[in-house]
Amino acid sequence: MHKPSLLVAAATLLFATQNWGGNPLHCEELSAELEPETSYCGSIRVPEDHRNPAGKNISIAYVVLKALDSSSSAFPVIFVTGGPGGRSLMAGALKHWSEHLIRQRRDVILFDQRGIGYSSALPNMNDEFLALMAADLTVGEELAQTRDLLNKYKGKAQESGIGLDLYNSEQSSADVGQLMHHLGYPKYNLYGVSYGTRLSRLAQTKFPAFDDSFVPDATVGGYAGHPSFPAKLGFFDAFYQAGMNWHDATLPKSDRVFAESDVPSLIIVNQFDPVTPPESGRVFLQGLHQGRLLVLDEAGHGGGDPECQGKVMVAFMDAPNATLDTSCLNLYRE
């Protein structure tokens with residue numbers, strides 16, 4: 001039996017916002033950003049624990065941006081955001097995807113992962129987190145106060161009857177599968193960024209019949225014995241340490257192995273990314289028998305030329321087994 005990643009639950013608490021329950025109020029909240037003729041939104045109910053379908057259920061909110069070319073039959077793209085805890089159903093994200101090159105011929109599916117935004121959100125610790133980030137603290141004080149903050153909001157969630165051990169990658173990937181079933185497309189292209197690469201890889205493993213192609217960008221480790229965060233990143237190092245000591249219900253690293261896959265996959269990483277360096281991409285490539293790795297000569301987490309990367313991704317999704325024109329990319333050459 002898979003046990004949860006405690007860091008996912010802790011980070012979800014960090015980025016969570018108001019709980020809208022089962023009502024798709026995001027359709028009203030975001031109505032100014034959505035065009036009724038070319039988009040639609042809704043929510044589905046999923047088990048909080050997919051191992052117990054008859055138990056408590058929660059809401060997963062989504063938006064579908066229809067392809068601008070209404071005659072296109074290309075399979076849609078599901079965008080899986082990072083964090084963990086990053087939101088997709090926000091005005092800025094909707095605007096970005098409304099104008100993205102991918103949307104010319106493909107529907108774009110956005111959703112808030114469980115515990116985040118409009119998807120049965122957990123108690124929101126964001127304000128206190130930001131105040132702690134701004135405080136002038138020693139490394140030890142920062143770690144101690146971070147632990148206190150996580151424990152405080154862990155208590156709030158427990159008082160509300162929320163099973164924090166169920167807010168993890170295994171359960172969330174099952175949500176993705178139910179969303180794919182609900183929307184009814186025969187196949188999907190999974191596009192994950194940062195932590196979303198791990199979540200989409202799990203969804204790819206669980207629901208191979210739905211997979212058309214897979215594009216993980218800035219791949220996160222944590223599986224196959226690779227560390228989740230290889231570099232110390234200020235406050236987030238304290239947050240990671242505090243989260244990793246939150247409870248012991250975590251999947252042993254020896255069991256964190258993705259299933260092998262023949263789905264065409266395009267991995268994109270930056271040579272000078274301190275969070276998800278090229279080695280994460282090389283580890284991620286293991287088991288992807290039709291995978292290819294692009295290492296960009298870029299700095300930062302997910303940096304580079306977005307217009308060029310969009311063109312390359314579209315070309316890959318259109319013909320995943322063809323020779324790929326990467327001439328616009330700043331590829332790293334050893």
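Q: Where is Ser119 found?
A: Ser119 sits in the loop between strand S4 (108–111) and helix H4 (126–134). Helices (H or I, at least four residues) and strands (E, at least two) are DSSP runs, numbered from the N terminus.

Q: What sort of model is this, and how do the numbers run?
A: This is a predicted model: local features need pLDDT of at least 70, side-chain atom pairs count only at pLDDT 80 or more, and totals for chains, interfaces and linings use all residues. Residues are numbered from 1 along each chain as its sequence is written, and side-chain values use heavy atoms, with hydrogens and water left out.

Q: Is Ser119 buried or exposed?
A: Ser119 is buried, at 0% relative accessibility. Buried means under 20% relative accessible area, exposed over 50%, and partly exposed in between (1.4 Å probe, protein chains only).

Q: Which residues is Ser119 in contact with?
A: Leaving aside neighbours within four places in sequence, Ser119 contacts Ser59, Ile60, Ala61, Asp112, Gln113 and Arg114. Contact means heavy atoms within 4.5 Å.

Q: Switching topic. How many disulfides does the structure hold?
A: Two. A disulfide is a pair of cysteine sulfur atoms within 2.5 Å. Counting bonded cysteines along the chain, the pattern is 1-2, 3-4.

Q: Which residue does Cys27 join?
A: Cys41, with S to S at 2.0 Å. Cys27 lies in helix H2 (residues 26–29) and Cys41 in strand S1 (residues 39–47), so the link ties together parts 14 residues apart in sequence. Cys27 is partly exposed at 21%, and Cys41 is partly exposed at 22%.

Q: And what does Cys308 form a disulfide with?
A: Cys328, with the sulfur atoms 1.9 Å apart. Cys308 is in helix H10 (residues 306–318) and Cys328 in the segment after H10, so this pair ties together parts 20 residues apart in sequence. The link is right-handed, with 85 degrees about the S-S bond.

Q: Now Asn270. Where does Asn270 lie?
A: In strand S7 (residues 265–272). Asn270 is buried, with a relative accessible area of 4%.

Q: What does the side chain of Asn270 reach?
A: The backbone oxygen of Gly300, at 3.1 Å. Gly300 is also among the contacts of Asn270, including Thr276, Leu296 and Glu298.

Q: How are Asn270 and Leu331 separated?
A: They are 61 residues apart along the chain, and their C-alpha atoms are separated by 9.0 Å.

Conventions
A polar contact is a pair of N or O atoms within 3.5 Å; within protein, one must be able to donate a hydrogen and the other to accept it, and residues adjacent in sequence count only if both atoms are side-chain atoms.
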